[in-house]
Amino acid sequence: MPTIARMPKFDCNVSEIASVINRYNYYDSVAPNFGIEPHDEPDGVLPVYHTKLNDALGLTAFSEDRKPVYVAISKDIPEDKLPRVCAHELDHIKSSILIKYMDLPEPWSEILIEGYPEFRRYNYWKKLGELENAKNVIRESPYKEALFLANLIDQYYVGKEGVGYRAFIKDIKREKSVRKVFKRFIEQYKSKAN
Ligand SMILES: [Zn+2]
């Protein structure tokens with residue numbers, strides 16, 4: 001059973017997925033966490049299914065009380081795309097406070113939830129100085145609006161104790177409401193854009 005540092009243990013016995021999940025350890029240690037501390041991440045054991053998915057590359061299922069239940073990764077993903085898809089899904093678990101405190105309707109809920117994994121991957125490559133790979137994240141992202149919005153938040157958000165996307169996430173944790181913090185961002189953005 002692969003063990004993820006500061007992450008739930010994954011009840012996963014499919015070797016190719018297990019190796020990719022182990023690689024996530026490295027990714028997780030390098031990529032900026034944007035204010036998600038180890039104690040924000042859920043404890044426990046989660047199954048990872050490598051399975052047939054009809055209309056998604058991967059998915060992370062949450063229960064009605066907003067706790068992560070399992071991860072499913074499509075069997076149809078080519079080997080070279082597996083790390084990216086797995087990292088995206090594991091980052092949903094890492095950022096599960098966004099789901100816990102989500103009090104906005106669609107489409108904003110989805111755009112904000114998808115922003116974390118995508119913006120984190122973009123910044124992972126930037127941090128390594130690999131700008132071409134960072135650009136590829138934008139090119140290949142199925143959530144371009146989410147990435148665009150996270151980038152705007154990073155540029156414009158002024159929080160209670162800092163600026164940028166990290167301050168945005170930290171304020172959501174403190175205020176236990178995505179809506180309140182996002183509303184503040186919109187007001188700040190409007191006043192600066194005028
Ligand atoms: Zn996603």
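**Exercise 1. Decide whether cysteine 86 is buried or exposed, using its C-beta neighbours inside 10 Å.**

Solution. Start with the count: cysteine 86 has 24 C-beta neighbours inside 10 Å. A residue is buried if 20 or more other C-beta atoms lie within 10 Å of its own. Cysteine 86 therefore counts as buried. Bear in mind as you work that this is a predicted model.

Then look for its partners. Once neighbours within four places in sequence are set aside, cysteine 86 is in contact with Ile17, Val20, Ile21, Tyr24 and Ile73.

Cysteine 86 and arginine 166 are separated by 80 residues in sequence, and their C-alpha atoms are 22 Å apart in space.

**Exercise 2. Describe how domain 1 and domain 2 meet, and find which helix gives the most to the side of domain 1 that touches domain 2.**

Solution. Begin with the bounds: domain 1 covers 1–100 and domain 2 covers 104–194. Their C-alpha centres lie 20 Å apart.

Now turn to the contact itself, where 16 residues of domain 1 are in contact with 17 residues of domain 2. On the domain 1 side, at least two residues each come from helix 1 (15–30), helix 2 (82–94) and helix 3 (97–100). Helix 2 gives the most, with 4 residues. Sorted by class, this side of domain 1 has 10 nonpolar, 4 polar and 2 charged residues.

**Exercise 3. Work out how helix 4 and helix 5 are oriented to each other.**

Solution. First take the geometry: the axes of helix 4 (residues 108–127) and helix 5 (residues 131–140) come within 7 Å and cross at roughly 165°. Angles over 145 degrees count as roughly antiparallel, so helix 4 and helix 5 are roughly antiparallel to each other. Their crossing is left-handed.

Then list the residues. Helix 4 brings Glu118, Arg121, Tyr122, Trp125 and Lys126, while helix 5 brings Leu131, Asn133, Ala134, Val137 and Ile138. By class, this contact has 6 nonpolar, 1 polar and 3 charged residues.

Key: Residues numbered from 1 in each chain as written. Predicted model: local features only at pLDDT ≥ 70, side-chain atom pairs only at ≥ 80, totals over all residues. Domains from an automatic or database assignment. Contact = placed C-beta atoms within 7 Å. Nonpolar A, V, L, I, M, F, W, Y, C, P; charged D, E, K, R; others polar. Axes fitted to C-alpha atoms, helices over the stretch in contact; angles between N-to-C directions. Parallel < 35°, antiparallel > 145°, perpendicular 65-115°, else oblique. Left-handed = near helix turned anticlockwise from the far one by under 90°. Buried ≥ 20, exposed ≤ 12 C-beta atoms within 10 Å, placed from the backbone.
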